[in-house]
Amino acid sequence: MTTSWECPACGGAPTTDVVVREMMFGRDEEFTYSECVECASLWLRDVPDDLSAYYPTDYYSIDVDPERALGRPGVRQFATLVSRSVLFGRRRLAGLAARVVRMRQFHSFLIVLDSLAFAGLPRGRDSRVLDVGCGSGVLVYALGLAGVRTSVGVDPFAPTDRDLDSGARVVRRDLSEVEGTFDLVTFHHSFEHVPDPAESLVQAKRLLAPGGRILVRMPTVSSAAYDEYGTDWVQLDAPRHLTVFSRAGMDVLAGRHGLKIVGALDDSTGFQFWGSEQVRRGIPLMDERSVLRSPGGSTFSRAELDAWAQRAAELNRAGRGDQTAWLLECL
Ligand SMILES: [Zn+2]
């Protein structure tokens, strides 16, 4: 066990203890987070030696094989057109599809593509993109489909090094071992999992081409959902989330490492509500009764889920969503 008494974001001291239950699998374990006196970020105070025990082999980001999920006949062409529409087109096709397709995974996929459009691909299809904590590589696979020529995913827990049939590549290693130059380095809900966020940021910066950018998407405590649900807020996700940044904490961390935040886009979803309501009711995320497992058979009605999605959109516009995409550039 490693105990940390210093805020990973700003170096501040701990104040309040926040005790959070493990609620993805419902393991009946509690973990203590410290709240920073300066920036109000939270960090897991006592990090277990073997965190891999909390990432079972069916962990959702590793589980989905990109070639099977997006590469199969029928889906491949659709995924290609949607990806191109968002990244290089006018998003019309993606917008139409979003109205018709209700599948949660499709909407998550669109949010990720939209964040890349927000970050910008400075050299178009010649842009070099590195996705850190890529899991099985669904995103880099989609970038390959869209025609991005250099699309690499890195993840120390990827099953193996792999060349995907869309032209993208996944490498199983630590970020510190990656070589090359990239126009965009992305962390899609991986930054809150890394043991040393400052070091990850430094490593990402090392790989940037001149004018390159870093995109960090992750949950934030500076949100209506955390204010409302407290320790039942689903995106605390103890003990997998090691640091849950405040907006102020992210500002300070960037500045300490020669980076500046040039944009932020909230992209929270109804998950913050149905997920947190489930935690309140003692229903783990992976439970059979969870919206994640049985969207039609959960405790919540379609109308409730729709209302939560709408409220999330309003919070995003107000900058109070429970997750944000931060865009960083070198100072
Ligand atoms: Zn702090």
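Predicted model: local features only at pLDDT ≥ 70, side-chain atom pairs only at ≥ 80, totals over all residues.
Student: Okay, and which residues of H9 are buried?

Tutor: Helix H9 spans residues 247-256, and the buried residues in it are Gly 249, Met 250, Leu 253 and Ala 254. Seen down the axis of H9, these buried residues fall within an arc of 130°, so they line one face of the helix.

Student: Why would residues with gaps between them point the same way?

Tutor: An α-helix has 3.6 residues a turn, so residues three or four places apart point the same way.

Student: What follows H9?

Tutor: H9 is followed by Gly 258, and the phi of this glycine is positive, near 70°.

Student: Switching to the metal, which residues are the protein donors of the zinc ion?

Tutor: The zinc ion has the SG atoms of Cys 7, Cys 10, Cys 36 and Cys 39 as its protein donors, and they lie 2.3 to 2.4 Å from the ion. Along the chain, these donors follow the spacing C-x2-C-x25-C-x2-C.

Student: Which parts of the chain does the pair Cys 10 and Cys 36 tie together?

Tutor: Cys 10 lies in the loop between strand S1 (2-3) and strand S2 (14-21), while Cys 36 lies in strand S3 (residues 30-36), so the pair ties together parts that are 26 residues apart in sequence.

Student: Are Cys 10 and Cys 36 buried or exposed?

Tutor: Both Cys 10 and Cys 36 are buried.

Student: And what geometry does the zinc site have?

Tutor: The site is tetrahedral, with angles of 97 to 116° among its 4 donor atoms.

Student: Which sheet is S3 in?

Tutor: Strand S3 belongs to an open sheet of 4 strands, with the order S2-S3-S4-S12 and antiparallel pairing. The edge strands there are S2 and strand S12 (243-244), each of which pairs on one side only.

Student: How many bridges join S4 to S12?

Tutor: Strand S4 (residues 42-44) is joined to S12 by 2 bridges, and the two strands run antiparallel; Trp 43 has Thr 243 in S12 as its bridge partner.

Student: What's the order of the sheet with 8 strands?

Tutor: That open sheet has the order S8-S9-S7-S6-S10-S11-S14-S13, and its pairing is mixed. Its edge strands are strand S8 (162-163) and S13, each pairing on one side only.

Student: Tell me about S6, then.

Tutor: In strand S6 (residues 128-132), 4 of the 5 residues are buried, so this strand is largely enclosed by the rest of the structure. The chain crosses from S6 through helix H6 (residues 138-146) to S7, and this β-α-β crossover is right-handed.

Student: How does S6 pair with S7?

Tutor: S6 and strand S7 (residues 150-154) pair in the parallel sense over 5 bridges, and the bridge partner of Arg 128 in S7 is Thr 150. S6 also runs parallel to strand S10 (residues 182-188), with 4 bridges joining them, and Asp 131 has Thr 186 in S10 as its bridge partner.

Student: And in which sense do S11 and S14 pair?

Tutor: Strands S11 and S14 pair in the antiparallel sense over 7 bridges, and the bridge partner of Val 216 in S14 is Trp 326.

Notes: Residues numbered from 1 in each chain as written. Heavy atoms only, no water. Donors = N, O, S within 2.8 Å, 3.2 Å for Na, K, Ca; no water. Tetrahedral: all angles 85-135°; square planar, octahedral: opposite > 155°, others 65-115°. Buried < 20%, exposed > 50% of the residue type's maximum accessible area, 1.4 Å probe, protein only. Arc of directions from axis to C-beta. Pairing = 2+ DSSP bridges. Right-handed = clockwise from strand over helix to strand, strands pointing away.
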